[in-house]
Amino acid sequence: MSSIDDHMTTLPRDPRADEYPMPFVPHGWYAVLRSVQLPRGKVVPLHYFGRALIAFRGPDGRPAVRDAHCPHYGAHLGVGGKVVNGEVECPFHGWRFGADGRCTHAPFAARPPKVSIGGFEVREHSGLIFVHVGPDPTWEVPEIPEATAAEFASPIDDIQTARIHIQEMRENIVDESHFHFIHGQSEPPVQNLVVDGPFAEVRGRFARKVLAWEVDNTFDVFMYGPGVMVVRVFGSMLSLTAIALTTPIDDRTSELRMLYHVRKPTGLPFLAPALKLVFRTQALAEVREEVRIWDHKVHQARPVLLQHERGIKALRRWYEQFYPAS
């Protein structure tokens, strides 16, 4: 006998679930890799924003993120390509491209052809590699100290994909009612969205039972454009910083990458693995439940909202700035 989960996996999608009135890639910064995933001398293939991409480190160690296909004959530079002296070499005919995308070498040619592979403005900090989509950046994602601080344990790294626009992933943080039904909070948290240009902040309180303990934590949410959100949770039993990275994969699919940095208990750092285990068993299942719902929901341009759900409209108004002017 098939389970409900099996039925959900095979449930036909309503075609409206892939329809959105806004572009699928808002302008702004997105984290496409953790720094540890890009060692020197390695070409890493990626696929975001509906584009095949590669990442590699130049001769100075700085990361580059470029389009993946060689302009010579179309080979994918991330499939068999290699890094030679900080330049990526095509596996098919040996053409090489620097971190700035320009061709530097073509075997059997008198001089390198004047061609380039496209790419992105790149930043690296907080253990992450960010790229900027859209016009030249006018703002930056600030450093996230907890990502590299010794008082925080190595992160729980959880990646999920969903058939949903990343804007709706972000709306989740101001959807107060869902905290009761998905996250077990007795009452919807009282929140207030404060915006400042490409940045926004939400503060609230989260109260629920975790195993045998009553947890009553405050949380501060900092949003940096459309793709980066930092949630700082403070409590007597558990404090952590969650980095939520929402990135479009293509015009139908988005990635949610959560990096949970658990603070080591003062004087008892050896308890951090146990806290991570408790958090993993409780929180990750809730995220998967959200993803399952996202996979089948449709976008409501004019949702019927209750009085305490006005934060959704406020966030949508703030988010509009990241779309190109029509």
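Helices (H or I, at least four residues) and strands (E, at least two) are DSSP runs, numbered from the N terminus. Two strands pair if DSSP finds at least two bridges between them. The model is predicted: local features need pLDDT of at least 70, side-chain atom pairs count only at pLDDT 80 or more, and totals for chains, interfaces and linings use all residues. Residues are numbered from 1 along each chain as its sequence is written, and side-chain values use heavy atoms, with hydrogens and water left out.

**A three-stranded sheet**

- Strands of a sheet pair through backbone hydrogen bonds, either parallel or antiparallel.
- Three strands in the order β2-β3-β4 form an open sheet, and their pairing is antiparallel.
- At the edges lie β2 (44-48) and β4 (63-67), each of which pairs on one side only.
- From one strand to the next, the twist averages 30°; axes are lines fitted to C-alpha atoms, for helices over the stretch in contact, and angles run from 0 to 180 degrees between N-to-C directions.

- Strand β2 runs antiparallel to β3 (residues 51-57), and five bridges join the two.
- H47 has A52, in β3, as its bridge partner.
- Two residues lie between the strands in the hairpin of β2 and β3, where F49 takes a positive phi near 60°.

**Cysteines**

- The structure contains zero disulfides, a disulfide being a pair of cysteine sulfur atoms within 2.5 Å.
- C90 is in no disulfide, and the nearest cysteine sulfur, in C70, is 4.1 Å away.
- C90 counts as buried because its relative accessibility is 3%.
- For C103, the closest cysteine sulfur is that of C70, at 7.5 Å, which is too far for a bond.
- C103 also has a relative accessibility of 9%, so C103 counts as buried.

**Arginine R257**

- R257 belongs to strand β17 (residues 254-262).
- With 7% relative accessibility, R257 counts as buried.
- The side chains of R257 and D157 are joined by a polar contact of 2.6 Å. A polar contact is a pair of N or O atoms within 3.5 Å; within protein, one must be able to donate a hydrogen and the other to accept it, and residues adjacent in sequence count only if both atoms are side-chain atoms.
- Leaving aside neighbours within four places in sequence, R257 is in contact (heavy atoms within 4.5 Å) with residues including L33, D158 and I243.

Key
Buried means under 20% relative accessible area, exposed over 50%, partly exposed in between (1.4 Å probe, protein chains only).
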